Amino acid sequence: MLLGVTLGQVSLYAQNLTPEGLWLHSNERIQVRIGPCEEYLCGKIIWLKNPDGEKSSPIADSENPDLDQRGRPVIGMTVLWGLARNGADLWTEGTIYNPDDGKTYSARLTMAGADTLSVKVYKFLPLFGETQVWTRVED
């Protein structure tokens, strides 16, 4: 019986893990706040390590293929959207925008622990994508 209660608590704990909150990107140059956007999750850049703009950390969306968008600030930009919960610790069907190269990719998030988020970024199939590990940051 104790095993059943313990397993139930572990299962409840896993169900409560959420990517909502503030995350440090694996490149340690960007912080993204993830939260609800209608029935999905989205994320906005809220901090840059070098906000004054070095080539590796743009202050404006200078690589965007849409010329009208190139002057918009990176801080405050929505870069992650459309993520739907697809299990206890998985969010899929998302899209992520990279202001460093102006490209948009598919994305899926997996909670690897309370303070660790696995972000899979890919073009066609997740199998061929890149996995980034983001770390939760205290607000």
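Analyst: Two strands count as paired if DSSP finds at least two bridges between them. The model is predicted.

By that rule, β2 and strand β3 (residues 40-48) are antiparallel partners, with eight bridges. Across this pairing, R33 stands opposite K44 in β3. The two strands make a hairpin with two residues between them, and E38, in the turn, has a positive phi of about 60°. β3 also pairs with strand β4 (residues 78-85), again in the antiparallel sense, through three bridges. There L41 stands opposite L83 in β4.

Q31 belongs to strand β2. Q31 counts as buried because its relative accessibility is 14%, and buried means under 20%. Apart from neighbours within four places in sequence, the contacts of Q31 include K44, I45, I46 and W47. L22, W23, L24 and V137 are also in contact with Q31.

The largest pocket has a volume of about 300 Å³. Its lining consists of 18 residues, and those nearest the pocket centre are H25, I96, Y97, N98 and Q132. β2 (30-37) is one of the elements that give two or more residues to this lining, along with β5 (90-98), β7 (116-122) and β8 (130-137). By residue class, the lining of the largest pocket has 11 nonpolar, four polar and three charged members.

In short, β2 pairs with β3, holds the buried Q31 and gives residues to the lining of the largest pocket.

Terms used: Residues are numbered from 1 along each chain as its sequence is written. This is a predicted model: local features need pLDDT of at least 70, side-chain atom pairs count only at pLDDT 80 or more; totals for chains, interfaces and linings use all residues. Side-chain values use heavy atoms; hydrogens and water are left out. On a 1 Å grid over the protein atoms alone, a cavity is a set of points where a 1.4 Å probe fits but cannot get out, and a pocket is an open set with protein on both sides within 12 Å along at least five of seven lines; lining residues have an atom within 4 Å of a point. Grid points are joined across faces, edges and corners, and a volume is the space filled by probe spheres set on the points. Helices (H or I, at least four residues) and strands (E, at least two) are DSSP runs, numbered from the N terminus. Ala, Val, Leu, Ile, Met, Phe, Trp, Tyr, Cys and Pro count as nonpolar, Asp, Glu, Lys and Arg as charged, and the others, Gly among them, as polar. Buried means under 20% relative accessible area, exposed over 50%, partly exposed in between (1.4 Å probe, protein chains only). Contact means heavy atoms within 4.5 Å.
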